[in-house]
Amino acid sequence: VTFRAPGEFAKVVATVQEMAGRQIHAGLGTGWHESEHRRYGFPFPEMATRAEMLEEQLSIVRGLWSGPDGWSFSGKHYQIGDALFRAKPDPAPWIITGGEGSPRGMRIAAAHADEFNLTSSTPQIAREKFAALDAACAAAGRQPSTLVRSAMTGLLIGRTHADYLAGVARFMERIGGSGDPEEYLAPRRPRWVSGTPDEAATQMRAFRDAGAPPDMIQIGNETNGGAMTISHG
C-alpha cells in the first residue's frame with residue numbers, strides 16, 4: 001500500500017485483467033522492507049498506520065471495481081469523490097492478503113480478501129493459524145469455507161543430497177550468506193519445500209494436509225538462487 005495510490009492500483013489491475021482475458025489475482029499488503037522504501041523514496045509509516053492504509057485501500061479497490069457511478073469514500077488516509085471507474089472488471093479481480101497470521105491480519109482477510117496467504121510457517125503452525133482464521137471469519141459473520149487458504153514457502157531442491165547442499169551454498173553466496181549450509185538450513189527446513197525431490201514432495205503433502213497448499217513458491221534452486229515468487233494457483 002505504500003507503493004501505489006489505491007485508484008491507480010485498481011486501474012492497473014483492471015487493465016491487466018482486460019488484457020489477459022481472465023481473472024487476475026492481486027495481492028495487497030502493508031509492506032515490510034524498510035530499506036527498500038528508503039532507497040526508492042517511499043514513506044514507511046509505522047505498522048499500525050500501514051494496517052489502516054491497507055484496510056482503506058481494500059475498501060476502495062472493491063468500491064471502484066463494483067460500486068456505482070458516483071461512488072465515494074472518506075477515510076483517514078484516502079478520500080474518493082464521485083468516482084467514475086470504467087470499464088468495470090467482470091468478474092472483480094481476486095484479492096489476496098496474508099502474512100504470518102497476526103490477529104489483525106486475519107481480521108482484515110476475513111473482512112476483505114478472497115484468499116489468505118500464510119508466510120514463514122511450518123505445516124503444524126499453518127494448521128493452528130487456519131483454525132484461528134476460521135474463528136476470525138465466524139466473528140465477521142463469514143463462512144470460513146469462502147476464504148481460500150494458501151502458503152508461501154521457499155523452494156530449494158537438488159537431485160541428490162550432495163547436489164542440494166551445493167545448491168544451498170551457491171544460493172547463500174548470491175544473497176551474501178556465509179557459514180555451513182547445513183547450519184543455515186536447520187531453522188528453515190521445517191518451513192521450506194527443500195531437499196531431494198522425495199523430501200520436497202513429503203513437505204508439500206504436509207502443507208496440503210494442513211489445509212495450506214503451497215501455491216506460491218520462492219525459488220532458490222541451482223539455476224535461480226533468487227527470491228522470485230511464482231503462483232501455481
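Asp82 is found in strand 3, one of the DSSP runs numbered from the N terminus (strands are E, at least two residues; helices are H or I, at least four). The model is predicted, so local features need pLDDT of at least 70, side-chain atom pairs count only at pLDDT 80 or more, and totals for chains, interfaces and linings use all residues. Residues are numbered from 1 along each chain as its sequence is written, and side-chain values use heavy atoms, with hydrogens and water left out.

**Overall build**

- The protein has 8 helices and 9 strands.
- Along the principal axes, its C-alpha atoms fill a box of roughly 60 × 40 × 35 Å.
- Of the 233 residues, 41% are buried (buried is under 20% relative accessible area, exposed over 50%, partly exposed in between; 1.4 Å probe, protein chains only).
- The accessible surface comes to about 12400 Å², and carbon and sulfur atoms account for 53% of that area (Shrake-Rupley method, 1.4 Å probe).
- Counting contacts (heavy atoms within 4.5 Å) between residues at least 6 apart in sequence, 58% join residues at least 24 apart.

**Cis peptide bonds**

- Most residues other than glycine have a negative phi, and most peptide bonds are trans.
- The bond from Arg86 to Ala87 is cis, and its omega is near -5 degrees.
- Ala87 sits in the loop that runs between strand 3 (79-83) and strand 4 (94-99).
- Asp90 and Pro91 are also joined by a cis peptide bond, with omega about 5 degrees.
- Pro91 is placed in the loop between strand 3 and strand 4.

- Asp82 is a residue other than glycine with a positive phi, near 50 degrees.
- The Asp82 residue is exposed, at a relative accessible area of 56%.
- Ser120 likewise has a positive phi near 50 degrees and is not a glycine.
- The position of Ser120 is the loop between strand 5 (115-119) and helix 5 (123-139).
- Ser120 counts as partly exposed because its relative accessibility is 43%.

**Gln57, in helix 3**

- Gln57 belongs to helix 3, which covers residues 47-66.
- With a relative accessibility of 2%, Gln57 counts as buried.
- Its side chain reaches the backbone oxygen of Val1 at 3.1 Å.
- Leaving out residues up to four places away in sequence, Gln57 touches Val1, Arg4, Pro6, Leu28 and Tyr78.

**Gln203, in helix 8**

- Gln203 is part of helix 8, residues 197-209.
- Gln203 counts as buried because its relative accessibility is 15%.
- A polar atom of the Gln203 side chain lies 2.7 Å from the backbone oxygen of Pro190.
- Residues touched by Gln203, apart from those up to four places away in sequence, are Pro123, Arg189, Pro190, Arg191, Trp192 and Val193.

Note on methods. A polar contact is a pair of N or O atoms within 3.5 Å; within protein, one must be able to donate a hydrogen and the other to accept it, and residues adjacent in sequence count only if both atoms are side-chain atoms.
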